[in-house]
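I opened the file to look up a few things and note them here. The entries follow the order in which I checked them.

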Amino acid sequence: MAAAATLRQVGAYFGRSLPRRAVLTVPSSDWKKLTKLTTFTNTDCVVLDLEDGVAETAKKLARENIFRYLNESATKINREICVRINAVSSNHINDDVKLLKDLSTSIDCLFVPKVDTVDEMKWLADRLGPNRQYNLVLYCESARSLVDLRSILTTASSLFSLQGVVFGSDDFSADVGINGRYSLDAVELTYARQKLVTICRLFENAQPIDMVYINFKDLDGLKKQSEQGAAWGFTGKQVIHPQQVPIVQAAFSPSESSTTWAKELIEAYEKHEKEEGKGAFTFRGQTMVDKPLLRRARYILNMAR
């Protein structure tokens with residue numbers, strides 16, 4: 001899609017993956033909200049939703065709006081435009097697949113919620129057919145999904161261009177029996193969030209995307225949780241309101257000091273390799289530099305670009 005051409009140039013620094021710091025979900029049944037997307041100039045990723053954000057009685061309208069929007073308006077949006085379909089296990093999936101196949105152009109990325117099994121990935125790939133290659137982000141939202149996530153991603157990466165995994169905190173909490181809503185610091189979800197990040201790192205382009213912060217008016221709490229997620233290795237976060245976007249994207253962007261550190265480390269590494277050969281060396285008098293740290297520095301510079 002021409003709408004994301006500039007972003008795809010940026011994405012070349014990341015292999016096949018674009019930066020998705022803020023992932024903004026918009027209910028596709030609300031045409032007024034879709035028409036406002038041209039004003040969201042700084043959002044990395046916009047997801048047109050057919051799933052939880054759309055009432056059961058409005059699914060058909062939401063599909064019609066997506067078809068109209070992607071064919072009429074999406075070229076005005078210079079960012080990644082994605083579609084979240086309903087779960088493969090839902091009664092709506094066949095209509096959603098038909099929509100995808102009827103579109104005159106490929107969407108930038110397909111978001112698939114509530115993926116619990118390898119067979120669901122196989123079924124979806126078979127129904128979509130071989131004519132289009134889809135970029136894919138899937139959701140981990142249950143105990144079964146988390147336990148089998150490595151197998152699911154292995155299969156998904158063989159059938160699609162795997163781009164990331166979103167942690168669906170609310171459905172996951174309900175599935176594992178967390179009583180009531182989890183606390184503000186989400187300590188109850190620590191294991192699941194860290195395991196998801198770890199498994200994603202086994203796959204080159206699988207970006208781990210963190211849980212949504214539901215209270216969109218609590219910007220201080222959002223900032224704290226976003227910075228925590230970035231420190232834990234997440235590359236982005238779900239957002240549900242435009243005012244959350246700048247806070248989230250700032251949290252998942254490299255700071256000026258970390259960018260300077262990365263640039264100087266890479267320069268020192270290249271000088272050391274040229275003059276003394278390969279191997280670990282000391283940087284700034286105290287840091288022992290080896291390959292993993294070098295990869296981190298390169299990632300920071302790529303993200304800054």
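**Barrel.** I looked up the strands and found that eight of them close into a barrel, in the order β1-β2-β3-β4-β5-β6-β7-β8, with parallel pairing. Strands here are DSSP runs of E with at least two residues, helices are runs of H or I with at least four, and both are numbered from the N terminus. Two strands pair if DSSP finds at least two bridges between them. In general, strands of a sheet pair through backbone hydrogen bonds, either parallel or antiparallel. On average, neighbouring strands of this sheet are turned by 25 degrees against each other, direction ignored.

**Sources.** I noted that this is a predicted model, in which local features need pLDDT of at least 70 and side-chain atom pairs count only at pLDDT 80 or more, while totals for chains, interfaces and linings use all residues. Residues are numbered from 1 along each chain as its sequence is written, and side-chain values use heavy atoms, leaving out hydrogens and water.

**Strand β1.** I checked how β1 (residues 22-27) meets β8 (residues 236-239): three bridges join the two, which run parallel. Ala22 has Lys237 as its bridge partner in β8. Thr25 also sits in β1. Is Thr25 buried or exposed? Thr25 counts as buried because its relative accessibility is 16%, where buried means under 20% relative accessible area, exposed over 50% and partly exposed in between (1.4 Å probe, protein chains only). Leaving aside residues up to four places away in sequence, Thr25 touches Val47, Asp49, Arg84 and Val239; contact means heavy atoms within 4.5 Å.

**Positive phi.** Most residues other than glycine have a negative phi. I found a phi near 50 degrees at Lys114, a positive value in a residue other than glycine. Lys114 lies in the loop between β4 (109-112) and α5 (118-128) and is partly exposed, with a relative accessible area of 22%. Ala186 has a positive phi of about 55 degrees. Ala186 is in the loop between α8 (169-176) and α9 (190-200), and counts as buried at 0% relative accessibility.

**Helices.** Last, I looked at α12 (residues 256-276) and α13 (residues 291-304), which pack at about 130 degrees with their axes 9 Å apart. That makes α12 oblique to α13: under 35 degrees is roughly parallel, over 145 roughly antiparallel, 65 to 115 roughly perpendicular, and the rest oblique. Axes are lines fitted to C-alpha atoms, for helices over the stretch in contact, and angles run from 0 to 180 degrees between N-to-C directions. The contact includes Trp261 and Leu265 of α12 and Leu294 and Ile300 of α13.
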